[in-house]
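Here are a few exercises to work through with the model open in your viewer. Try each task yourself before you read its solution.

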Amino acid sequence: MKTQLFKRKLDGSNFLLFVTIVLFVIMYIAGCIIFADAGFGKFQTFCNMLIDNAGLIIAASGMTIIMITGGIDISIGSVVGLVCMMLAYSMQNMGMNAWTAIFFVLLFGVVFGAIQGFLVAYMKLQPFIITLAGMFFCRGLTAIISVNQIAITENRTFLAIANKDIHLLIGATVNRRGVKMYPFIHPSVIIALAAMAVIWYVCKYTKFGRNLFAVGGNEQSALLMGINVRKTKFLAYMLNGFLASLAGFVFCLNTTSGFVEQARGFEMDAIASAVIGGTMLTGGVGTVVGTFFGVLIKATIETYIRCNGTLSSWWNKIVLSALLCFFIVLQSVFIMMKNQKRQ
């Protein structure tokens, strides 16, 4: 009885999530063993993985929502770069209050997402083409604002948020001087985890979340069920626009600067994290929990390279692409098995 119940749980999208979690656990344990001398096993190393990828956690959560509906958004990286530039220029060059600047960039994300959502949902234009145009628009607008890097050095409120250490009461270590050192995270991690938790709740327990899966699974069936497909897609892109701008804000907390080339390729990391996390490219299947572990897998690979000290940073892209191909093949096999069962 227990075996049958276990098989049922793994027959659905949980199987892909299970594979992702197991892969991360194996990679993390291997890192703790191989790079024990480099401090890989310290809890602070794990916290640093969260700090460095806080923006990606948010952006990939937004990408998961879009991919569940069967769409795609390749403008996320450009939105993140533009938001960083807007924050840096408004606070450093215009002397704008930090909270006002943050409000305007988040508002921009909502409006930008709504425009893309309207074109995709109501005008029925291809998501790839629309978001490609959005990518060019945001990257070009970033260059128009400034072609030079702008560092945020004078806004005390923003810098205080960016540099705030939130110490944790677990995983403490003692340094060579005998001082007890507690691991820490930054507010960016709190924002990222809170955003991910909200999106998880929305997708799992709300009507809008159920509609996302229905639309991604089969639009015609969703229409017959009385679901407003256009409205669902529109709201999905608008929410994704907000999350992209929020990711830009969090990304800027880590870099405290803005420049034209910032976050280039960020959208590909978000897509890869979502796919590795079990989100189907065909839509209808996905979870932000899996996406979170997809981000952690990427972060683990980066930490491997950093601890090794001799490998090129490009190995991160190579290994990530190999994992991406593996999970795409796994998804294809999963779909074939599912279709055979239906027949």
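Rings of Phe, Tyr and Trp (its six-membered ring) pair if their centres lie within 6.5 Å; planes under 30 degrees apart count as stacked, over 60 as edge-to-face and the rest as tilted. Keep in mind that this is a predicted model.

**Exercise 1. Aromatic pairs**

Task: Count the aromatic pairs by this rule, then classify the pair of Y122 and F234.

Solution: The rule gives 19 aromatic pairs. For Y122 and F234, start with the distance: the ring centres are 5.9 Å apart. Next, take the angle between the planes, which is 65°. Planes over 60 degrees apart count as edge-to-face, and that is the class of the Y122–F234 pair. Now place the two residues: Y122 sits in the loop between α6 (98–121) and α7 (127–145) and F234 in helix α12, so their pair ties together parts that are 112 residues apart in sequence. Y122 has a relative accessible area of 34%, so this residue is partly exposed.

Solution: F326 is partly exposed at 43% relative accessible area.

**Exercise 2. Two helices**

Task: Describe how helix α2 (residues 14–34) and helix α14 (residues 288–308) cross.

Solution: Begin with the axes, which come within 9 Å and cross at roughly 25°. Angles under 35 degrees count as roughly parallel, so α2 and α14 are roughly parallel to each other. The crossing of α2 and α14 is left-handed. The residues in this contact divide into 13 nonpolar, five polar and no charged. On the α2 side they include L17, F24 and Y28, and on the α14 side V289, F293 and Y304.

**Exercise 3. Positive phi**

Task: Where in the chain do T256 and A263 lie, and what is the phi of T256 and of A263?

Solution: T256 is in the loop between α12 (229–255) and β6 (257–258), and its phi is near 45°, a positive value in a residue other than glycine. A263 lies in the loop between β6 and α13 (266–276). The phi of A263 is positive too, near 60°, and A263 is not a glycine. Finally, the relative accessibility of A263 is 10%, so A263 counts as buried.

Terms used: Residues are numbered from 1 along each chain as its sequence is written. This is a predicted model: local features need pLDDT of at least 70, side-chain atom pairs count only at pLDDT 80 or more; totals for chains, interfaces and linings use all residues. Side-chain values use heavy atoms; hydrogens and water are left out. Helices (H or I, at least four residues) and strands (E, at least two) are DSSP runs, numbered from the N terminus. Buried means under 20% relative accessible area, exposed over 50%, partly exposed in between (1.4 Å probe, protein chains only). Axes are lines fitted to C-alpha atoms, for helices over the stretch in contact, and angles run from 0 to 180 degrees between N-to-C directions. Angles under 35 degrees count as roughly parallel, over 145 as roughly antiparallel, 65 to 115 as roughly perpendicular and the rest as oblique. A crossing is left-handed if the near helix is turned anticlockwise from the far one by less than a right angle, and right-handed if clockwise. Contact means heavy atoms within 4.5 Å. Ala, Val, Leu, Ile, Met, Phe, Trp, Tyr, Cys and Pro count as nonpolar, Asp, Glu, Lys and Arg as charged, and the others, Gly among them, as polar.
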